[in-house]
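Hi there,

I'm passing a structure on to you, along with some notes on what turned up in it. Have a look at it below, and then read on.

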Amino acid sequence: MFKYRVNYTCRSFVLFLVIQNCYESTFGQTQTIVFAQMTMQTQPPPSNTAAGMSGMSCKCVPMGTCAAPTAAGIDIRIVNMGSTACTSGLQYCCTSNGNTASQLNDAACGRRKIPLTTQAPGIASYGAYPWQAALLMPNNNYIGSGVLLDSNNVLTAAHKVATLSNNGFKVRLGEWDAQSLSEQYPYQEYNVAKVFVHPSFNAQNLQNDVAIIRLSSTVPISSSPGISTICPPTGMPAAQTRCWVSGWGKNAFGPNGAYQSIMKEVDVPILDQGNCENRLRGTRLGQFFNLSRDSFMCAGGEANKDACTGDGGSPLVCLIQGQWQLVGLVAWGIGCAMSGVPGVYVNVPNYLTWIMQQIGRTD
């Protein structure tokens, strides 16, 4: 059911020697998925036209909270119908999905702006992971994923971008169905101004597998219904806390797996690092394998529920005190979705100081 582990290319070999060969570190990713590209002809019509007014949901909201987004390129969905049906102090507000403008125009981190809809098991609802970034080659070939930290910076796994030049890839936000242009709000694409790879990143064993992507322009988060930032972690959740990972990676390990056009999701339990190490020693990594506690944390180990090849850099997020926080990035694993074999993720809380330092850089 959920066999799509986010970007593990090294899931079935001895980690230290073969990880750069079995991992899909961009240049070795021979098969992938091509994302659809909008043209001027495929841009959706403004929703303040007659065509855009259909399917609206309206309700009374406090005065001043029903204001349409005005940023260029944003598909405006909110209109004030000027109705007199509301009581004093309220105004009539309409939106195509039932959200008020104050919800859609929200720059707070870790918040979903679009209501979830029922999907088949394993398929993410549109707008469920508004912080998810797709890393694409200029020809729209999928590289991997990342997560939006603020209006100018995306965090990803270093092995996805360490060999790429700044103009060798782009970042897409607000995506859901990679091969369709029918989403309610159009995606947004950004060129890359600079990439900051952790200075101690080791491509052989994937320790310190983090990188910051500085975008070439600022993301209008508050006026983008399909885009939000993730909140930084306040700490590592307790073992067995169920968290979520999402991406467009393969639905099975090996040649029988296929990349997914619609974003997938899976819930996985956080594992104690000692427990994870013991489980990994039961694989081909062997009884002497040592898990780097500084670099990695683990989640999963349940049959048919995992991230997989193509999901590298995808965020592992947990709902903590009402907000979604980032605790991990898909890093590596042994196979996909096998019972008793957890997935290995970047230990994001351990890198929070470094991440904040890169965000604050002015060079």
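First, a definition: contact means heavy atoms within 4.5 Å. Axes are lines fitted to C-alpha atoms, for helices over the stretch in contact, and angles run from 0 to 180 degrees between N-to-C directions. Helices (H or I, at least four residues) and strands (E, at least two) are DSSP runs, numbered from the N terminus.

With those terms, helix 4 (residues 273-281) lies across strand 12, strand 13, strand 16 (323-332) and strand 17 (342-347). Its angle to strand 17 is about 130°.

On the sources: this is a predicted model, where local features need pLDDT of at least 70 and side-chain atom pairs count only at pLDDT 80 or more, while totals for chains, interfaces and linings use all residues. Residues are numbered from 1 along each chain as its sequence is written, and side-chain values use heavy atoms, with hydrogens and water left out.

**The barrel**

Two strands pair if DSSP finds at least two bridges between them. In the order 11-12-13-17-16-15, 6 strands close into a barrel with antiparallel pairing. From one strand to the next, the twist averages 45°.

**Strands 8, 9 and 10**

Strand 9 (residues 188-197) runs antiparallel to strand 8 (residues 170-173), joined by 4 bridges; Arg 172 is partnered there by Glu 189 of strand 9. Another 5 bridges join strand 9 to strand 10 (residues 211-215), again antiparallel, with Val 197 standing opposite Ala 211.

**The cores**

A nonpolar core is a set of buried (under 20% relative accessible area, 1.4 Å probe, protein chains only) Ala, Val, Leu, Ile, Met, Phe, Trp, Tyr and Cys residues joined through side-chain atoms within 4.5 Å. The largest has 68 residues, and those with the most contacts inside it include Phe 169, Val 171, Ile 213 and Trp 332. Strand 16 supplies the largest share of this core, 5 residues. A second, separate core of 14 residues includes Val 245, Ile 270, Ile 320 and Tyr 345.

**A buried serine**

Where does Ser 314 sit? Ser 314 lies in the loop between strand 14 (305-307) and strand 15 (315-320). Ser 314 counts as buried because its relative accessibility is 0%. Its side chain reaches the backbone oxygen of Asp 311 at 2.9 Å.

Happy browsing!

Key
Buried means under 20% relative accessible area, exposed over 50%, partly exposed in between (1.4 Å probe, protein chains only). A polar contact is a pair of N or O atoms within 3.5 Å; within protein, one must be able to donate a hydrogen and the other to accept it, and residues adjacent in sequence count only if both atoms are side-chain atoms.
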